[in-house]
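The stops below go one selection at a time.

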Amino acid sequence: MGEFYIVNPLIERYLNDLFPVRDKVLKEMEELAERRGFPIIGPVVGRFLYQLVMVSRARRIFEMGSGFGYSAYWFAKALGDGGVVVCTELSEENVYLAREFFRKGGVEKKIRLYTGDAIEVLDGLNEEFDIIFNDIDKEYYPLVVDRAYNKLKHGGLFISDNVLWSGRILNESDSSPATRGIREFTKILLSHKGFITSVVPIRDGISLSIKV
Ligand code: DHB
Ligand code: MG
């Protein structure tokens, strides 16, 4: 078994067509992702994150691997005044693009943006968060679990992208660092005593953990 879509593409398109994204900046980001083949979370997961901010009444979000800001933009739109999304991204070009998109969307006041390694930035902060969203290079996913636990408030949410990895996690002959990283991560996360976790099979699989 190789790579496959977790959600039938016809279903994905059906849902996207029912809930068109009207925000001009999000549209522009989606077009940029399409042109560059850059992996954004897309509108289905974006709306889900938006809802999670609403139900949890989160105010402080830490994002690991922000790309050019697509998921942070959804988070920022969902946050009330005074809320903050701390973004981390290695690529200077992506950081530049993200700043432009945040400014255009009028959310820049809710954003703190670090150019650098997400794990190093998190390790260097003496702060607690309501939500930590993880979308870094997949081989490093196992390193994130305890760090996220330590930096979350009680009842906080730890959310990770790509945990079903287009089905590659099922392929035992796939021992690439990324696939192994995700397999190991999911195993650690689901047996972690400090988290209650579900895997939600939307897009490429989202893990949703509550710190208990
Ligand atoms: C890849 C990374 C992602 O974060 C994603 O959502 C999809 C693909 C990748 O590295 O291939
Ligand atoms: Mg991702």
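Select Asp 161 and ligand 1: a polar side-chain atom of Asp 161 sits 3.0 Å from a ligand oxygen. Polar contacts here are pairs of N or O atoms within 3.5 Å. This is a predicted model, where local features need pLDDT of at least 70, side-chain atom pairs count only at pLDDT 80 or more, and totals for chains, interfaces and linings use all residues. Residues are numbered from 1 along each chain as its sequence is written, chains are lettered from A and ligands numbered from 1 in written order, and side-chain values use heavy atoms, without hydrogens and water.

An N or O atom of its side chain is 2.6 Å from an oxygen of ligand 1. Then pick Arg 203, with a polar side-chain atom 2.8 Å from a ligand oxygen. Ligand 1 alone exposes 290 Å², and the protein buries 64% of that (Shrake-Rupley method, 1.4 Å probe).

Pro 39, Asp 135, Lys 138 and Trp 165 are among them.

Asp 135 lies in the loop between β4 (129-134) and α7 (144-151), and Asp 161 in the loop between β5 (152-160) and α8 (177-191), so the pair ties together parts 26 residues apart in sequence.

Finally, color by accessibility. Asp 135 and Asp 161 are both buried, meaning under 20% relative accessible area (1.4 Å probe, protein chains only).

Methods. Helices (H or I, at least four residues) and strands (E, at least two) are DSSP runs, numbered from the N terminus. Buried means under 20% relative accessible area, exposed over 50%, partly exposed in between (1.4 Å probe, protein chains only). A residue is near a molecule or strand if one of its heavy atoms lies within 4 Å of it. A polar contact is a pair of N or O atoms within 3.5 Å; within protein, one must be able to donate a hydrogen and the other to accept it, and residues adjacent in sequence count only if both atoms are side-chain atoms.
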